[in-house]
Each structure stands twice: as structure tokens, then as C-alpha cells.
Amino acid sequence: MHSLLSRLVLIASSWIVYQAAVSPFAAAESSPNVILIFIDDLGWKDLGCYGNDFVETPNIDALASSGVRFTNFYAAGAVCSPTRCAVQSGQNQARIGITAHIPGHWRPFERVITPQTTMALPLETVTIAESLKTAGYATGYVGKWHLGTAAQFQPQYQGYDLSAVINGPHLPGRYRVQKPSELKPPGKSQYRTDYEADVCIDFIESNLDRPYFLMLSPFAVHIPLGAMSEKVEKYRGKAKRRGVDLPNPIYAAMIEHCDDMVGRIVDAVDRAGQTENTMIVFTSDNGGLYKRYDYRESADDLVSRQTPLKGEKGSLHEGGIRVPLIVKYPPMAKAGSTCEEPTISYDFYPTFVELAKASLPENQTIDGLSLLPLLANPQGKLDRDALHWHYPHYHHGRPASAIRERDWKLIEYIDGSNDVELYHLVQDIGETTDLSEEKAGRVADLKRKLSQWRTTTLARMPLPNPHYDKTRAGEWWSRKTGAPIDSSARRRFPPTEKDL
């Protein structure tokens, strides 16, 4: 049990850095604080306030009850790094070329060669933190970064005063604190989300005299699955009593750990007397995971379903990109309200800039639109024609692009097949009925618009593969090692008898 506990408790870190604030703060005392809680791989249907009656999320549900819950909010990417890029830049990630998780993988014998993703967020990109610093904000980043592994690409070089980055899964920790006097190490038996909450609370309490922007990005609920044993046993018992096979009890426990973390952050804001002057945003970086992309051994390897949504993380169907979004901001967001307007991750940048009365960068395209009008009027509409996605990689699906124009969504596969799918999402949220054959005119119109958008953004496209080999087309290869992926060697969850 000791070995199991050491595998499931915190802290899996390969890097923790703290850089002290170096710029003066000149914003007015009334400038609102912003806290962005950015969960990893949390699906649209994994919370109580989104209809999940198995996992217990009282703190997140309370956040929804005191703010606006968005039902048509989308991650900008189907996997983590692209969406993280979109949040930091305010752009669709296709403009930068971070279209896969860093460093990605590929299938070298498929019909097409997929493009290599950009390996780090370029330093010349003006991040949301850098924009808010011009308005006098203290800025903090805690958790998973995944926008470049080299030291020079870490958050402290992208506008963050506090950079507490932990890159890695839930394994016992190698961590390094550059300034231990300013960032305490974790407790020996402390679960990761508890430690991340500790760091965030310390940042909040250290900036009571100035406005701040804090982004909390826990590794949870990403695989490998790991949680404190008492929560796991609770959900195992609950699953047995109810005859539930998914979500995985360990995954359910991880979600509850995140809920505890949210509760602690909200309590810290309340204790500081900052409730009325703090916007708290809760979301996820991509859709929920059903199974590992490269293998499936048994039902024990499954994580969660997104029913009625189709697909999962790594696909451009709704299950891969539609995610929760909750915004609490008492001066503007009507408590308990719901917004159905389609919105997306790169909308955060202009939202936070407008709230802070800061300025958008002059020489950087911003694709997002401010969400503040929707907080004031959740039944309102944004002045936007369409949302776009570009995922030219194999993962849980085939290389594809997609466009959502109001009620209609087109997925175009760019793997040499010329396949398309068309759905009317309002009538068919589960994407069960492909209308592409009977709506040929609408397909042609949306394909044209999608192609124009790819041209405008200089989106990288797959190329025909001269080495195509049908017999080897399904092989997964690592971009990092240039070798095939050994799926069996990477199996990490749930714990086996030898882990006990």
C-alpha cells in the first residue's frame, strides 16, 4: 500500500520555478482579479452541473450556481498544447503551428504525412499575462504548461511573475525549487492538487494590495489515473451499488480532488474579501478521454464516456472539443444563468483584457471575442460568423478540419479521402445523422469557407506519403524518439497487484 500511495500522491514534477515580481504595479485598486482554472482532459459530461449524477462536484456546482454556465463552449484544440497555445495567444493555434500536443506522434506509413507541430510557444508571442502586466497586474502560473520543455520557454519568460510548473504525471516527485524561501516544497504525502492549491492560495494572499491574474492548470484529470485511496474506494463502492461501469472510479476520485481544489481557491478569495472583485473561470483544455489512443487492453483501461456526445479527446466530434465553462463574477454574471452561445478558448484573452482595462497587442491577430457581453446578457449573441478547428494529425481519429457556423457543423477529413460529415447540432447534439449527401449546397459553402480560413491562417496541411504501406499504416511512432511506441510498456493505469 505504501508503494501504491507513493505512486498516487503528489508530486510528479520535473520542474518547479519561482521568479519574483520585477515590475511595478500601478493599476487602480478596483481592477478585478482573474483566476482561470484550467483542468486537463475534463469532459463536458463529467460534472454534476452538466448532468453527471455519479461524480460528486459540490464546489464546482456551487460555482455554476453563482455564475454563468456555458453549454456550447469549445476547447480550441482536441488535445492540450493547441488549446493552451490559444489561451496564451488569443489566436487559433493554427496561426502558430501548435496543432498537436508537444512533441506529438505520427503514423509514418499512412496515406499522408502529418505536419510536425511547433515545439514551443514563440517568445515573440504576446501572452495574456504580458498584456495584463501592462495594466499593473501580478501574474501567476501554477501546474502544467506543455508549451515547450526547454528552460527558456517556461512561463517566467512569457510574462508570469510566479512560475510554478510541474511537467509530468502522478508519480513520486523529482522537483527542483530555484528559490525555496519563496516557494515551499510539497508535503511528503500530499496529493498534487492539494499542493497546487497551496501555491495558488499563497499567491492570492501575497497580492492582496494589487490586482492579479492567476492561471491554475493541474495535471489532473489526465492519465495515468491516480487518486487518494479513500476517494477511490468510495467510488468503487458507489459503482458497485449502482452497476456503473464508467467513469472509472479512480477518474471519478480525481475529479473530486479537483473539486476540493476549486473549493479551497474560492474560500481563499472569500476570506480575502475579494469575492465581488474577482472573476473565477473554470474550464478544460479538451474533451474527455474514453481510452488511450494507441491501444485498448480491457474495460479496466477505460476512463469516461461523454454520452450523448460523439467522440473523445483527439477527435473533432463534439466529445473531443466541447467542454465545460463556468464564469463567476458577481458584479456582472447573473447567478445561476445559462448561456447557449457558441464560444471558444481564445475568447478568454480579449475578455480578460477588457475586464482589466488593458490593451490588446498591436501587431498580433486576436481571433477571440470578449465574453463580457454574454455575462451581462447570457441570451445574447456574439458578432462572429463561425468557429474553426484544424487538427491535421492521427490520434483518436483522422486528420481533419472543422467549422461550426451557428447550428451547422462540417468536419472535413484531410487524409486524402475527401470525406466530409455535416451535422445540425441543435437537433442532433450527438452527431448521429450525417446530412452531407442531402445538403450538398451547404457542404460546398462550408467547405469553401473552411478552405479560405485555412489559407488565411496559413494552416499546415498533411502531404501525400510516398512510403504509404497499408500493412503498417496503423503503427504509432514517437516524434521525440523517432521510434515505434511500445504501448504495453506505457500501460500505467489502473494499478496492478505488483503496485500494491
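Is Thr57 buried or exposed? At 1% relative accessibility, Thr57 counts as buried, a term that stands for under 20% relative accessible area, with exposed meaning over 50% and partly exposed the range in between (1.4 Å probe, protein chains only). The model is predicted, and local features need pLDDT of at least 70 while side-chain atom pairs count only at pLDDT 80 or more, although totals for chains, interfaces and linings use all residues. Residues are numbered from 1 along each chain as its sequence is written, and side-chain values use heavy atoms, with hydrogens and water left out.

**Thr57 and its surroundings**

- Thr57 lies in the loop between strand 1 and helix 2 (58-65), where helices (H or I, at least four residues) and strands (E, at least two) are DSSP runs numbered from the N terminus.
- Leaving aside neighbours within four places in sequence, Thr57 is in contact (heavy atoms within 4.5 Å) with Leu47, Gly48, Ile255 and Asp259.

**Helix 3**

- Ten of the ten residues of helix 3 (residues 80-89) are buried, so this helix is largely enclosed by the rest of the structure.
- The cover over these buried residues includes strand 1 (33-39), helix 4 (128-133), strand 6 (138-143), strand 8 (212-217) and helix 9 (348-356).
- Gly90, which follows helix 3, has a positive phi, near 75 degrees.

- Four strands form an open sheet in the order 13-14-15-16 with antiparallel pairing, and two strands pair if DSSP finds at least two bridges between them.
- Strand 13 (387-391) and strand 16 (420-424) stand at the edges with a single partner strand each, so one side of each is left without a neighbour in the sheet.
- Neighbouring strands of this sheet are turned by 10 degrees against each other on average, direction ignored, where axes are lines fitted to C-alpha atoms, for helices over the stretch in contact, and angles run from 0 to 180 degrees between N-to-C directions.
- Strand 13 and strand 14 pair over five bridges, and His390 stands opposite Ser401 in strand 14.
- Strand 14 and strand 15 pair over six bridges, with Glu412 in strand 15 as the bridge partner of Ser401.
- Strand 15 (residues 408-413) is joined to strand 16 by five bridges, and Ile411 stands opposite Glu421 in strand 16.

- Strand 14 and strand 15 form a hairpin with two residues between them, and Arg406 in the turn has a positive phi of about 55 degrees.
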